[in-house]
Amino acid sequence: MLFSELIKQRRSVRSYKDQPVEKEKITQCLEAARMAPSANNSQPWTFLVVEDKELKNRVAEATVTLGFNKFTREAPVLIVVIRERANLFTALGGWMQHTEFSGYDVGIAVSHFCLQAAELGLGTCIIGLFDQKKIKQILKIDTKKEIALVLSLGYTDAPVRDKKRKPLETMSRWYSAE
Ligand SMILES: Cc1cc2nc3c(=O)[nH]c(=O)nc-3n(C[C@H](O)[C@H](O)[C@H](O)COP(=O)(O)O)c2cc1C
């Protein structure tokens, strides 16, 4: 698939088929995330693959927030993405720039994951609303760690929708020589 087609194919999928996802395909998505760029190549992420049905169902419940994210109950796989602490050198760069690069880094890695999944015919949804404390308890994650995002993953019948986006003129500006 051409990249230009792939980015249209990737959409937030909120309904899943009751069909397991092959381990090799999940590994391929993880491999795509592993190849993502990051500040100072710090790779500040860990991806936890939750396949076990009982655990997955408990994590799914922890993502249901104010009526949102009920679809996670249907997804056969949930991926919990930890944002790891940047090493000293990277943290110093971030401090100089008044930012934390690790948030961007995790976002790029997650994007790689989702695009690879789309190429493999799998649907994903990035989930930012969840109960941080509950998921840490369920998966026995160190309380000092930060769960950045959860991803749902699975096969879907959901159609590809047209994207609603701000117009190009609003989201970009050119500084060109006349
Ligand atoms: C950081 C982040 C957090 C998000 N959190 C949620 C969420 O909690 N629940 C949900 O249904 N969608 C969530 N989304 C999906 C967005 O709503 C979706 O990407 C956006 O509406 C664009 O639609 P598309 O992904 O289909 O192109 C999140 C997306 C991002 C990038």
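Tutor: A pocket here is an open set of points on a 1 Å grid over the protein atoms alone, where a 1.4 Å probe fits and protein lies on both sides within 12 Å along at least five of seven lines. The model is predicted, so local features need pLDDT of at least 70 and side-chain atom pairs pLDDT 80 or more, while totals for chains, interfaces and linings use all residues. Residues are numbered from 1 along each chain as its sequence is written, and side-chain values use heavy atoms, without hydrogens or water.

The second largest pocket holds about 230 Å³, a volume being the space filled by probe spheres set on grid points joined across faces, edges and corners. Its lining (residues with an atom within 4 Å of a point) comprises 14 residues, with Asp18, Lys53, Lys56, Ala75 and Pro76 nearest the centre. Seven of the lining residues are charged, five nonpolar and two polar; Asp, Glu, Lys and Arg count as charged, Ala, Val, Leu, Ile, Met, Phe, Trp, Tyr, Cys and Pro as nonpolar, and the others, Gly among them, as polar.

Helix H3 (residues 53–63) gives the largest share of this lining, three residues; helices are DSSP runs of H or I, at least four residues, numbered from the N terminus. The axes of H3 and helix H6 (residues 132–139) come within 8 Å and cross at roughly 170 degrees, the axes being lines fitted to C-alpha atoms over the stretch in contact, with angles from 0 to 180 degrees between N-to-C directions. H3 is therefore roughly antiparallel to H6 (an angle over 145 degrees). In their contact (heavy atoms within 4.5 Å), H3 contributes Leu55, Arg58, Val59, Ala62 and Thr63, and H6 contributes Lys134, Ile135, Ile138 and Leu139. By class, the H3–H6 contact has six nonpolar, one polar and two charged residues.

Conventions. Helix = DSSP H or I, 4+ residues; strand = E, 2+ residues; numbered from the N terminus. Parallel < 35°, antiparallel > 145°, perpendicular 65-115°, else oblique.
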